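Here is a short briefing for a first look at a protein model. Start with the structure itself, then read the points by topic.

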Amino acid sequence: MTKELGDFIEAAGLKSYDPLAISNIYKKHPKRLLKRLWETLLPISLFLIGVGFEKILGILKNEKRAKERANEFTRLLVDLGPAFIKAGQALSTRPDVVPQLVLEELALLQDQLPGFEPELALECIKEDLGTNYKNIFKWFQKEPISAASLGQVHQAMLMNGDKVAVKIQRPGLREQITLDLYIVRNIALWLNKYVGLIRSDLVALIDELGKRVFEEMDYLNEANNGEKFAELNKKNKKIAAPKFYREFTSKRVLTMEWIEGVKLTNINGVKRLGIEPNNLIEIGVNCSLQQLLEHGFFHADPHPGNILALKDGRLCYLDFGMMSEVTTRSRTGLIEAVVHLVNRDFEKLSKDFVKLGFLSEEVDLNPIIPAFEKVFSSAIDMGVSKMDFKTVTDDMSGLMYKFPFQLPPYYALIIRSLITLEGIALSVDPNFKILGAAYPYFARRLMEDPDPQLRQSLKEMLFEGNTFKWTRLEGLILSAAKQKEIDLNNLMDQVLDFLFSPKGGLLREELVNTIAERFDIFNLYTMKTINKRLPKRFQSTSIKDSLINDKSFMDEIEPIQKLLKILQEMPEFNRDLIINKTKRILKEPMAMEMGLNIANRVTKKSVVRAIKLAAGVEQ
């Protein structure tokens with residue numbers, strides 16, 4: 001074992017991130033600590049002193065110079081090593097901590113470093129797998145095909161002929177990471193204590209980073225994640241994941257199936273496979289939303305090298321080191337927030353941010369509500385399908401930096417995931433809008449999901465006060481219909497379940513009123529049409545001068561016509577489906593009650609109209 005691999009056995013033996021254990025280790029090794037402090041704090045201090053002087057002198061007010069400094073900061077993090085690169089990536093999704101200009105530069109931070117010597121990689125295989133690499137692989141390409149901050153990847157072939165990718169961790173990585181995390185955490189402690197401008201708990205941020213980096217450094221954990229991802233997506237015939245070879249995998253060596261594919265950003269390469277790139281983007285967006293809102297287990301690093309187009313039309317996800325989980329409550333909360341955003345209910349939207357953990361319950365929401373309105377109103381006016389996600393997140397970043405927001409770790413990873421996904425999509429289609437692509441999925445979930453909170457959100461979406469909004473229902477179904485995976489049979493069942501449930505009373509009442517009014521308008525329009533065709537001496541003046549005309553009649557029935565057209569265009573729409581749903585409706589006791597109420601109201605209106613006609617009152 002080399003000296004580099006043998007240094008600080010205690011740190012190398014840490015199975016999980018433990019700040020106290022790390023502190024105890026490096027207190028025993030002051031020389032190594034002081035050496036690394038000199039290597040890190042000196043360049044950081046010199047950089048901060050330079051920035052401080054330029055700020056005092058007003059030089060940083062020049063946007064070009066400020067951008068240059070932000071770029072220097074990014075390059076400095078790369079020079080300082082893996083822990084600092086990971087810290088920069090974590091900060092790139094934290095608008096509550098970092099100003100917008102720095103965020104933009106950190107978002108470009110590349111997790112790429114030069115590879116290490118092949119001999120060290122082969123020694124790691126021998127140490128972890130207990131045998132010489134020649135006993136495992138028929139051939140092994142010693143030069144890595146790619147290298148990142150945590151490890152590098154080699155191509156190889158197993159003895160049984162399977163072609164594989166072998167990821168090997170950097171020598172001494174755990175020791176270097178733990179030492180750097182110890183230093184960064186103590187810097188965060190000092191900043192939290194003495195720099196009052198920083199509201200967020202930087203120590204908690206570093207601890208979350210430490211936890212995630214330790215998970216990434218455990219390749220057994222990555223194999224678990226990959227297999228879980230494959231299991232959750234096994235019913236999705238458009239998604240693929242590599243096979244993992246457990247017998248040749250350890251904490252520092254990961255052996256998985258070699259995947260032949262094309263990066264999504266290689267548009268010509270994708271087209272040569274006979275695949276339309278936009279179709280793959282749609283598959284990727286739907287898969288990401290399914291991971292986020294159905295599975296609650298999502299890929300947090302879907303960069304171009306981690307998603308490949310396969311020749312059979314599937315998308316294959318790679319690299320499962322950075323995965324995250326979202327609780328059921330948070331998933332539901334995100335959909336509720338979308339509903340309140342679309343409905344422009346900024347008061348409820350601000351309360352959603354409290355429920356989701358962005359704001360503490362003690363925060364005064366009064367100044368935040370108009371700020372939300374200012375940020376979102378113009379975007380909503382454009383329509384959800386035209387919303388620019390980057391513009392919205394940039395505006396939100398400024399808002400979060402101004403007000404006392406604290407981003408939950410899962411949200412930071414969601415934003416990172418969606419921004420990365422949008423970046424890939426924009427390379428394929430410059431006009432791509434991820435919010436527009438995502439909304440049909442939200443609409444489908446809102447209409448299909450039996451979750452009680454989402455049933456309430458559906459009600460909020462369809463009603464304004466006690467008034468039922470046909471146009472909102474039309475828009476929701478139109479959006480949901482864009483989803484190729486929509487289950488029309490299930491969707492109609494969910495709608496009927498809600499309609500005839502105890503909580504559907506308000507909707508039933510509104511439907512009775514709406515249908516009765518449409519019948520009445522139809523009756524009046526029919527009477528007017530018949531009246532026009534009668535000889536003039538028999539025509540009723542009161543009906544002739546009626547306010548109802550062809551245009552107003554069409555306006556009244558247009559929403560219903562649109563809904564029927566949307567349903568008819570769905571692939572699953574057929575005569576048997578309508579017959580089955582009609583049979584179900586006829587069996588519902590409340591449907592009979594609704595029918596009687598409609599007949600009663602139409603009859604009453606007809607009687608009143610007959611009396612008015614007899615009296616010569618204008619209709």
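**Salt bridges and surface**

Glu-260 counts as exposed because its relative accessibility is 55%; exposed means over 50% relative accessible area, buried under 20%, and partly exposed in between, with a 1.4 Å probe and protein chains only. This is a predicted model, in which local features need pLDDT of at least 70, side-chain atom pairs count only at pLDDT 80 or more, and totals for chains, interfaces and linings use all residues. Residues are numbered from 1 along each chain as its sequence is written, and side-chain values use heavy atoms, with hydrogens and water left out.

**Salt bridges across the chain**

- Glu-260 forms a salt bridge with Lys-163, and the closest N and O atoms are 3.3 Å apart.
- Glu-260 lies in the loop between strand S6 (253-257) and strand S7 (262-263), while Lys-163 is in strand S4 (residues 163-169), so the pair ties together parts that are 97 residues apart in sequence.
- Helices here are DSSP runs (H or I) of at least four residues, strands (E) of at least two, and both are numbered from the N terminus.
- Lys-163 is partly exposed, with a relative accessible area of 33%.
- Asp-207 and Arg-185 also meet through their side chains in a salt bridge, at 2.7 Å from N to O.
- This pair links distant parts of the chain: Asp-207 sits in helix H10 and Arg-185 in helix H9 (residues 173-194), 22 residues apart.
- Arg-185 has 22% relative accessibility, so it counts as partly exposed.

**A salt-bridge network**

- Salt bridges that share partners join Glu-54, Arg-65, Glu-68, Arg-69 and Glu-72 into one network.
- One of the pairs is Arg-65 with Glu-68, whose closest N and O atoms are 3.0 Å apart.
- Both Arg-65 and Glu-68 lie in helix H5, three residues apart, which is about one turn of the helix.
- Glu-68 is partly exposed, with a relative accessible area of 35%.
- The count comes to 25 salt bridges, where a salt bridge is a side-chain nitrogen of Lys or Arg within 4 Å of a carboxyl oxygen of Asp or Glu.

**A nonpolar patch**

- Ile-49, Phe-53, Ile-56, Leu-57 and Ile-59 make a nonpolar surface patch of about 560 Å².
- Patches are made of residues with over 30% relative accessible area and no salt bridge; like charges are joined within 9 Å, and nonpolar side chains (Val, Leu, Ile, Met, Phe, Trp, Tyr) within 5 Å.
- Accessible areas come from the Shrake-Rupley method with a 1.4 Å probe, and for residues only the protein chains shown count as cover.
- Leu-57 is in the loop between helix H4 (30-56) and helix H5 (63-80).
- Its relative accessibility is 64%, so Leu-57 counts as exposed.

**A helix crossing**

- The axes of helix H6 (residues 82-91) and helix H10 (residues 202-217) come within 10 Å and cross at roughly 120 degrees.
- That makes H6 oblique to H10; angles under 35 degrees count as roughly parallel, over 145 as roughly antiparallel, 65 to 115 as roughly perpendicular, and the rest as oblique.
- Axes are lines fitted to C-alpha atoms, for helices over the stretch in contact, and angles run from 0 to 180 degrees between N-to-C directions.

**Backbone at Asp-319**

- Most residues other than glycine have a negative phi.
- Asp-319 is not a glycine, yet it has a positive phi of about 60 degrees.
- Asp-319 lies in the loop between strand S10 (315-317) and strand S11 (323-325).
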